[in-house]
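Subject: Structure handover

Hello,

Here is the structure I said I would pass on. Please open it and keep it in view while you read the notes below.

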Amino acid sequence: MAVDRCAVHTETPKALYIHIPFCHRKCLYCDFNTYTVEGQPVDDYLRALAMELGRLTEIYPPARLETIFVGGGTPTVLDPRQMEYFLQTIRRFFPDWSPRLEFTMEANPGTVDAEKLAVMKQGGVNRLSFGVQAFDNRLLQALGRIHDVDDVYRSVEEARKAGIANISIDLMFGLPGQTLTLLADSVDQALSLNLQHYSLYGLKVEENTPFFRLRQKGMLALPDEDEETEMYLYIIKRLREAGYVHYEISNFALPGCESRHNLTYWRNESYYAAGAGAHGYLYGTRYANIRPVRNYIDAVRQGLPWAEQIEVSRREAMEDFMMVGLRMLGGVKDEDFRRQFGCSVGDVFGREIAKLEKRGLLSATPGGYRLTDQGLLVGNEVFGEFIS
């Protein structure tokens, strides 16, 4: 297969995402491409991943990787034997790792132990992202989570004992029955762990989820928009006071501990992706893999398992640059825009920028543009201005 290296994003990708679509149980709000692990052909899936990575790297030879992110699902449902095979597979097809490689694996509290963590550490994992969501057992049960608060503390302690010190947790706000007081308690407990990174997301009720059906029946009591905004503003204030940098709409980190892999997405840079339902961006082409596990396995035996392949036009790439770049609190840089496209942000989006500045949603920085505090609260409205 010939590689079409179009004028957009011709750099060799330095980031890799791999999707492990299995969970012990699917949460009530989840619309990701995930499946309850019981009865699933996990070993066959891991072998299919190896085949896909082999074909992907044959067609698109890799350079030195800077970041790896394994998401899901819950990658830590893999047992130690499966985990070791999986990590060796990554190393086999992507052998050149930066000395500063950031290797993140998502995990659910309660799904890691000393043996599994030792395998992960040996395989190169140096950052964990735990899906905690809340420090309240009643809320966790309402979300359909399989862990409790004690599992969170135990899992973080086990990770540190294993030598994986760079840890992030996800929290959610705007949950059914959640008040600002309950949220504040969860944030306090999260900060007591003294972690490097926190991601805090507002609940979005998506179609094809149990929560969506409950809401349609009037059986899902959610905070209203004003309450959710109050929660978000509280989060920003509390984490900034605790010394964390608010570097992206939903993400906070100690200085120097930002998620370098996710910065790849927000800078609209290329990355490899593999696994059922994974989305990648290579040499100006966005692609999406087949989603169902067994269909994915069958497709890999025939070639690359791409269900969708879209050549990104120059204009679309510019729009993407603005939409994802403005998620970062530092905003977009004219220098980065010029490097990718050979012209300035103002040359292309001067009218849109002027409109948003007039409304107080965007402001100029010494090197580009960023969301204002007001723009931060209506980010999607701002991003929409850059879609033609």
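The crossing of helix 11 and helix 12 is right-handed. Please keep in mind that this is a predicted model.

Helix 11 with helix 12

Helix 11 covers residues 314-325 and helix 12 covers residues 334-341. Two packed helices are described by the angle between their axes and the distance between the axes. For this pair, the angle is about 160 degrees and the axes are 11 Å apart. Angles over 145 degrees count as roughly antiparallel, and helix 11 and helix 12 are therefore roughly antiparallel to each other. On the helix 11 side, the contact is made by R314, A317, M318 and F321. The partners in helix 12 are D336, F337, Q340 and F341. Of the residues in this contact, five are nonpolar, one is polar and two are charged.

Helix 11 with helix 13

Helix 11 also packs with helix 13, residues 345-358, where the axes come within 12 Å and cross at roughly 70 degrees. An angle from 65 to 115 degrees counts as roughly perpendicular, so this description applies to helix 11 and helix 13. Their crossing is right-handed. R315, M318, E319 and M322 in helix 11 meet V345, V348, F349 and E352 in helix 13. The residues of this contact divide into five nonpolar, no polar and three charged. M318 is listed in the contact with helix 12 and also in the contact with helix 13.

Helix 3

Which residues of helix 3 are buried? In this helix, residues 114-122, they are K116, L117, V119 and M120. These four lie on the same side of helix 3, because they cover an arc of only 155 degrees around the axis. An α-helix has 3.6 residues a turn, so residues three or four places apart point the same way. E115 and Q122, on the other side of helix 3, are exposed. The buried residues pack against helix 2 (80-93), strand 5 (97-107), strand 6 (127-133) and helix 5 (149-161). Just after helix 3 comes G124, with a positive phi of about 110 degrees.

V382

V382 sits in helix 15, residues 379-384. Is V382 buried or exposed? V382 has a relative accessible area of 0%, so it is buried. Setting aside neighbours within four places in sequence, V382 is in contact with L326, L356, L361, L362, L371 and G375. S199 is 183 residues from V382 along the chain, and the C-alpha atoms of the two are separated by 21 Å.

Regards

Terms used. Residues numbered from 1 in each chain as written. Predicted model: local features only at pLDDT ≥ 70, side-chain atom pairs only at ≥ 80, totals over all residues. Heavy atoms only, no water. Buried < 20%, exposed > 50% of the residue type's maximum accessible area, 1.4 Å probe, protein only. Helix = DSSP H or I, 4+ residues; strand = E, 2+ residues; numbered from the N terminus. Arc of directions from axis to C-beta. Contact = heavy atoms within 4.5 Å. Axes fitted to C-alpha atoms, helices over the stretch in contact; angles between N-to-C directions. Parallel < 35°, antiparallel > 145°, perpendicular 65-115°, else oblique. Left-handed = near helix turned anticlockwise from the far one by under 90°. Nonpolar A, V, L, I, M, F, W, Y, C, P; charged D, E, K, R; others polar.
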